[in-house]
Amino acid sequence: MSLPVIPKKSLGQNFLTSSRVISRIIEASNITHDDVVLEIGPGLGAITEQLITHANKVIAVEKDTALVAIIKEKFAKAIKNNHLELIHGDILNLDPVAITKSIRNDYIIAANIPYNITGLILRKFLESSHQPKRMVILIQREVADRILARDGKESLLSLSVKVYGMPKLVTNVARGNFNPPPRVDSAVIKIDTINKNYFPTKQFEDLFFRIIHAGFAHKRKILIKNLIDASIAERTLLLKIFTDRNLLLTIRSEDLKLEDWIFITHMVYTNH
């Protein structure tokens with residue numbers, strides 16, 4: 001299939017062509033006619049076309065000038081009726097609150113996002129003061145596996161997602177479902193029930209991330225050594241925390257569960 005534009009590698013453009021995968025994205029998004037959906041990188045509009053039929057409104061953010069022109073022409077009627085709002089810009093330079101300023105209630109993110117900025121997009125919207133209630137995103141399969149901790153080992157990425165919501169695999173996506181095919185396999189994941197319930201304050205949230213970053217700073221070191229080196233807390237307090245939580249002093253960061261990190265954060269937070 002020929003394309004109306006030449007895909008730009010620098011923007012991670014691999015256009016989804018599979019109607020089956022698009023249907024899975026729409027189905028997993030649980031969109032109602034009352035919902036507003038944010039689509040990051042609509043590309044040629046394959047997913048956009050389906051989102052418009054299910055949602056109350058779609059806000060699409062596209063960086064590529066050539067693709068903006070295509071979307072404007074293809075969905076002129078939807079744009080005129082305010083069913084589709086097209087924003088020409090870089091999602092990383094836009095404030096989530098500003099993008100969704102017209103949204104009074106929750107919104108959903110559904111998108112085939114550029115793989116090279118997956119982590120930045122997740123952080124931007126999960127940490128935002130105006131979080132989406134749900135994210136259904138098509139990403140690199142290796143990254144999806146890390147988020148889901150499918151090998152049983154947690155990581156900075158998996159913890160940074162799970163502390164805000166519940167990730168699960170929707171479907172794996174082979175390379176042949178794109179034009180041009182990417183060099184990697186892909187997967188659709190769903191992050192549901194997004195919230196900040198673990199964080200009573202912004203200070204607690206900041207401390208949590210400081211602690212997990214310290215914990216994973218040197219993977220070859222045991223956790224308590226990493227925390228001491230980063231001056232997270234005095235050794236005596238850390239020893240007490242590990243004892244109270246029944247954590248081995250030789251445990252490594254990847255073997256702790258989210259609730260263990262929250263416990264450590266709570267203890268450090270309340271003893272400062």
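**Entry 1: the sheet and what lies across it**

I take contact to mean heavy atoms within 4.5 Å, and with that in hand I looked up helix α6, residues 118-126, which lies across β2 (36-40), β5, β6 and β9 and runs at about 170° to β6. I note at the outset that this is a predicted model.

I then traced the sheet itself, which is open and built from 7 strands in the order β4-β3-β2-β5-β6-β9-β7, with mixed pairing. At its edges I found β4 (84-88) and β7 (166-173), each of which pairs on one side only. From one strand to the next, the twist averages 20°.

I looked up two of the pairings in detail. Strand β5 (residues 107-112) and strand β6 (residues 134-140) pair in the parallel sense over 5 bridges, and in that pairing A110 stands opposite V136 in β6. β2 and β3 likewise pair in the parallel sense, over 5 bridges, and here I noted L38 opposite I59 in β3.

A further helix on the sheet is α1 (residues 19-29), which lies across β5, β6, β7 and β9 (186-192) and runs at about 165° to β7.

**Entry 2: strand β3**

I next went to L51, which is found in helix α2, residues 46-54. L51 has a relative accessible area of 0% and so is buried. Leaving out residues up to four places away in sequence, I found that L51 touches I26, I31, V37, E39, V58 and A110. As for I26, it is 25 residues from L51 in sequence, while the C-alpha to C-alpha separation is 7.0 Å.

The crossing of α1 past α2 is right-handed.

**Entry 3: α12 and its two partners**

Helix α9 (residues 202-215) packs with α12 at an angle of about 120°, the axes being 9 Å apart, and the crossing is right-handed. From α9 the contact draws on Q203, F204, L207, F208, I211, I212 and G215, and from α12 on L258, W261, I262, I264, T265, H266, V268 and Y269. These residues divide into 11 nonpolar, 4 polar and no charged.

Helix α11 (residues 235-244) packs with helix α12 (residues 258-270) at an angle of about 140°, with the axes 10 Å apart, which makes α11 oblique to α12. This crossing, too, is right-handed. L237, K240, I241 and D244 of α11 make the contact with F263, I264, M267 and V268 of α12. By class, the contact has 6 nonpolar, no polar and 2 charged residues. I264 and V268 of α12 are listed in both contacts.

**Entry 4: two residues with positive phi**

Finally I looked up two backbone angles. N82 has a positive phi of about 65° although it is not a glycine, and its place is in the loop between α4 (76-80) and β4. A149 is not a glycine either, yet has a positive phi of about 50°; I located A149 in the loop between α7 (141-148) and α8 (156-162).

Is each of these residues buried, partly exposed or exposed? N82 has 46% relative accessibility and therefore counts as partly exposed, whereas A149, at 10%, counts as buried.

Conventions. Residues are numbered from 1 along each chain as its sequence is written. This is a predicted model: local features need pLDDT of at least 70, side-chain atom pairs count only at pLDDT 80 or more; totals for chains, interfaces and linings use all residues. Side-chain values use heavy atoms; hydrogens and water are left out. Two strands pair if DSSP finds at least two bridges between them. Helices (H or I, at least four residues) and strands (E, at least two) are DSSP runs, numbered from the N terminus. Axes are lines fitted to C-alpha atoms, for helices over the stretch in contact, and angles run from 0 to 180 degrees between N-to-C directions. Angles under 35 degrees count as roughly parallel, over 145 as roughly antiparallel, 65 to 115 as roughly perpendicular and the rest as oblique. A crossing is left-handed if the near helix is turned anticlockwise from the far one by less than a right angle, and right-handed if clockwise. Ala, Val, Leu, Ile, Met, Phe, Trp, Tyr, Cys and Pro count as nonpolar, Asp, Glu, Lys and Arg as charged, and the others, Gly among them, as polar. Buried means under 20% relative accessible area, exposed over 50%, partly exposed in between (1.4 Å probe, protein chains only).
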